[in-house]
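Please read the numbered points with the model in view.

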Amino acid sequence: MANLEILVSELPTLIQSLKLTIGDSNQIMEQIILINNAQEQLRNINKLIAQELRFDNVKNSAIATLPRIITEATLFIPSLGLVDPAIAEKFGNSETKISLTDLQSKIDAWIEWGYFLQAIATDILSDIQLVNQLNSDIINLSISNEFKTLNESLKIDLDLGKANILQYQIEKTSNYQKQLLQLKQKLNYIFDTIKDSRSFLKILLGVSAFYGKSGFALEWLDDDHELIISSEGKFKELTDILNDCDSFQEQIAALIIQGDTLNLQAKQALKKIEEESSKEVISSQEVEILPKFSTPKTVRSALIIASSLLILTFGALKIREQNLSLTQEGSAIANFKSAEKLGMEAASLVQNPPHPLQVWQQAETKWYQAINLLDKIPAKTSVYDRAKKKLAYYQINYKFISQRVLIEKEAVGNLESAHKLATEANLFVQNSPHSQLSRQQAQDKWQQAINLLEAIPESTSVSVQAKEMLSIYKTNHAATSQQS
């Protein structure tokens, strides 16, 4: 029994080694050896347990509580802290005793998990393309860190009085927006790869792209067979990573809008500086030109007449084309400026949310109008390339705002439906205060109303009102339940 207790005291170290850190191929090979050694020690513990049960003939004999044994080792000392809830099942219940037979079952599960990890490691090492992609991902920042970097970079204080600095800030903001678009595409790849892939190895590629140089490890399969992954001391299920992708997509769309606003403000300030500078140059030229050039009126008239005759002779056939081109160019520039103005107005509307539904809808309309204007700009005009780039940003903004409109609409609808259900619940109780059926119907109505209110996101404008109503409805539901 003494030897068994010594071996069991080493369980925390053994269990902690039963994970697979995905990354460098050489490290994966080393981990296979560590996992194999841990399995061998677990098998030895199981043999000693079998002997103990045979010799004592006590099938359910308890040696001690598992937490006490683990605490005496290393797992629960202050420097390590408690086990994360996400992998609590891997280590067992921390408040109950564990029998020898139950411990055997747990050890069997740990050994089986080791086999799974070894199989995954072998599959990875046998796929050269997969290994190369994993090695490539390790070079890049994680999605979280890349987003934080871009978020901090876009906190720009525009220097509205200096043209050279403004031009630099415009270029810098545009570059950050390109990086945000690339990050958005990367998130789409990660989401689709994890969600739609049937191959476990392909899923790992999506996870690898998500964590980048932060790295990750396969920790455990929970009761629902959901894979639990750790990175930098934090534990997530695959569904958590998908939810994070959705969240980052929303935040990226908001940052792109912020970048658009900065660019528009900077361009307007730059234009103002250039106009003021141009006026000063024209003024000074007028003063200098007058004394230097004093061509006789008769000579000037002759030159003008000669020039006019040449234009009439050689340019008459092209006047219509030039006029058409000038009209098209002017219209394109006007549309581009109008689109920028609408974009700035839309971006300003949605600053510092939450906002009522009407505000989101106004912003949505402005983005839609701006997109239509940019889409009409012909290819041969001077603003076409700028319009094309701007169109990509505006389409993302429009999509993001449209989603917020839907969320806000649903939230308002839930609030109204909950209020209606509460009214119906009150009517049931008032009309038949002593009827068991009426009280049950009222209780159901209260519960439906509560469910609707709890579904309202905190980011919506009706969230505060929903919370106030929720507190009242829960009280009424509890009171109706007691009467039943």
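1. Of the contacts in the protein with a separation of 6 or more, 73% are between residues 24 or more positions apart; contact means heavy atoms within 4.5 Å. The model is a predicted one, in which local features need pLDDT of at least 70 and side-chain atom pairs count only at pLDDT 80 or more, while totals for chains, interfaces and linings use all residues. Residues are numbered from 1 along each chain as its sequence is written, and side-chain values use heavy atoms, with hydrogens and water left out.

2. The protein has 17 helices and six strands. These are DSSP runs, numbered from the N terminus: helices are H or I of at least four residues, strands E of at least two.

3. Of the 484 residues, 38% count as buried. Buried means under 20% relative accessible area, exposed over 50%, and partly exposed in between, with a 1.4 Å probe and protein chains only. The accessible surface comes to about 27900 Å², and carbon and sulfur atoms hold 53% of that surface.

4. Which residues of helix 8 are buried? In this helix, residues 143-153, they are Ile143, Phe147 and Leu150. Seen down the axis of helix 8, they fall within an arc of 65 degrees, so they line one face of the helix; the arc is that of the directions from the helix axis to the C-beta atoms.

5. Glutamate 146 also belongs to helix 8, and its relative accessibility of 21% makes it partly exposed. Beyond its neighbours within four places in sequence, glutamate 146 is in contact with Leu141, Leu183 and Lys186. Leucine 180 is 34 residues from glutamate 146 in sequence, with 9.3 Å between their C-alpha atoms.

6. The largest pocket has a volume of about 750 Å³. Of its 25 lining residues, Lys267, Phe336, Glu340, Arg386 and Lys390 are the closest to its centre. A pocket is an open set of points on a 1 Å grid over the protein atoms alone, where a 1.4 Å probe fits, with protein on both sides within 12 Å along at least five of seven lines; lining residues have an atom within 4 Å of a point.

7. Helix 11 (238-292) gives the most to this lining, with eight residues. Helix 9 (163-196), helix 13 (319-349) and helix 15 (384-431) each supply at least two.

8. Glutamate 232 sits in the loop between strand 5 (227-231) and strand 6 (234-237). Although not a glycine, glutamate 232 has a positive phi of about 50 degrees. At 59% relative accessibility, glutamate 232 is exposed.

Technical notes
Accessible areas come from the Shrake-Rupley method with a 1.4 Å probe; for residues, only the protein chains shown count as cover. Grid points are joined across faces, edges and corners, and a volume is the space filled by probe spheres set on the points.
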